[in-house]
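Please look over the model shown below.

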Amino acid sequence: MFYFLQDDFWEHSYLVLLFILSLILVIFLRYALVSVAYKFILERISKTRRNSWNTKRVQILREIKRSLYSSMVFTVLCAATLFIYQKGWTKIYENVNQYALWYLWGSPLLVLIAYETYYYWLHRWMHTPAVFRVVHKIHHEHREPTVFTAFSFHPLEGFLQFLFFPLVITVLPIHLYSFFAIFILLTLTAMVNHSGVEIYGKGRFRRHIIGASHHDLHHEEFTTNFGLHLTWWDSIMKTSSKRNRETLK
Ligand SMILES: [Zn+2]
Ligand SMILES: [Zn+2]
């Protein structure tokens, strides 16, 4: 059934082409379906018109188009990841007993913490004027992002954001399913953080977690709140917005 897992798959160019085209479709539909579903959930739980089709039609259409290009970039890197996996150049494992059971969730946690560092510094670099003008400006095109902004990037930004993953699996062992789980989480948090609706509570750990109000301030102020999921790097580097506290009231 999974023809792309067969040993001689890469020798058949028409199969590779079919695989690439199907993967673009799968990655794009995953984005589109999850975004539309989240938009409808938000309309039920909040009164905001932030993600409304009626008021943001032009912006949303533009973001969907850009996300299609991002899906193409992600596809190329996914195919490269599959290639190095099949060649045995990665540390991905399939037998759950190969490492301790806690490592099944411990390894994606490690990857996410390492990615937090990668993302923060990549993001800071993308805000240097010359890079911003050419690359990151596209993501910041609208001051008020919507759930559809989550993957609206310049192709180079999409490439650099994803590049971390084929690299990290060459050095860090991770179970195949734990690896997939990371991408589900990244898709969901990207939408949550661009939706304009704060869904996280006010618990003890709240100040460590980045949500929509935190990322909204990044889109408003440009020079603060560069983190992805955790506020740690912004705290260390003193790039936290002074308004973070006020938006969590
Ligand atoms: Zn930015
Ligand atoms: Zn953003």
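## Helix 1 against helix 2

Helix 1 (residues 13–45) packs on helix 2 at an angle of about 140 degrees, with the two axes 8 Å apart. Helices (H or I, at least four residues) are DSSP runs, numbered from the N terminus. Axes are lines fitted to C-alpha atoms, for helices over the stretch in contact, and angles run from 0 to 180 degrees between N-to-C directions. Helix 1 and helix 2 are therefore oblique to each other; angles under 35 degrees count as roughly parallel, over 145 as roughly antiparallel, 65 to 115 as roughly perpendicular, and the rest as oblique. The crossing of these two helices is right-handed. A crossing is right-handed if the near helix is turned clockwise from the far one by less than a right angle, and left-handed if anticlockwise.

In helix 1, the residues that meet helix 2 include Phe19, Ile20, Leu23 and Ile24, and their partners in helix 2 include Trp53, Glu63, Ile64 and Ser67. By class, the contact of helix 1 with helix 2 has 15 nonpolar, 3 polar and 2 charged residues. Ala, Val, Leu, Ile, Met, Phe, Trp, Tyr, Cys and Pro count as nonpolar, Asp, Glu, Lys and Arg as charged, and the others, Gly among them, as polar. Contact means heavy atoms within 4.5 Å.

## Basis of the model

This is a predicted model, in which local features need pLDDT of at least 70 and side-chain atom pairs count only at pLDDT 80 or more, while totals for chains, interfaces and linings use all residues. Residues are numbered from 1 along each chain as its sequence is written, chains are lettered from A and ligands numbered from 1 in the order in which they are written, and side-chain values use heavy atoms, with hydrogens and water left out.

## Helix 5 and its two partners

Two packed helices are described by the angle between their axes and the distance between the axes. For helix 2 (residues 53–86) and helix 5, the axes come within 9 Å and cross at roughly 20 degrees. Helix 2 and helix 5 are therefore roughly parallel to each other, and their crossing is right-handed. Helix 2 contributes Val73, Phe74, Leu77, Cys78, Thr81 and Ile84, while helix 5 contributes Pro155, Gly158, Phe159, Phe162, Leu163 and Pro166. The contact of helix 2 with helix 5 has 10 nonpolar, 2 polar and no charged residues.

The axes of helix 3 (residues 103–126) and helix 5 (residues 155–168) come within 11 Å and cross at roughly 150 degrees. Helix 3 and helix 5 are therefore roughly antiparallel to each other. Helix 3 passes helix 5 in a right-handed crossing. Among the residues that meet here are Val111, Ala114 and Tyr115 of helix 3 and Glu157, Leu160 and Gln161 of helix 5. This contact divides into 13 nonpolar, 1 polar and 1 charged residues.

## The zinc site

Which residues coordinate the zinc ion (ligand 1)? The donors are the NE2 atoms of His123, His127, His136, His140 and His218, at 2.1 to 2.2 Å. Donors are N, O and S atoms within 2.8 Å of the metal (3.2 Å for Na, K and Ca); water is not among the atoms, so sites may look incomplete. Along the chain, the donors of this zinc ion follow the spacing H-x3-H-x8-H-x3-H-x77-H. The zinc ion (ligand 1) and the zinc ion (ligand 2) are 5.8 Å apart.

## Tyr120 in helix 3

Tyr120 lies in helix 3. At 0% relative accessibility, Tyr120 counts as buried. Buried means under 20% relative accessible area, exposed over 50%, and partly exposed in between (1.4 Å probe, protein chains only). Apart from neighbours within four places in sequence, Tyr120 is in contact with Phe226, Gly227, Trp233, Asp234, Met237 and Thr239. Tyr120 and Tyr103 are 17 residues apart in sequence and 25 Å apart in space, C-alpha to C-alpha.

## Two residues with positive phi

Most residues other than glycine have a negative phi. Phe222, in the loop between helix 7 (212–221) and helix 8 (232–236), has a positive phi, near 70 degrees. Phe222 counts as partly exposed, at 24% relative accessibility.

Asn225 also lies in the loop between helix 7 and helix 8. Its phi is positive, about 55 degrees, although Asn225 is not a glycine. Is Asn225 buried or exposed? Asn225 is buried, with a relative accessible area of 0%.
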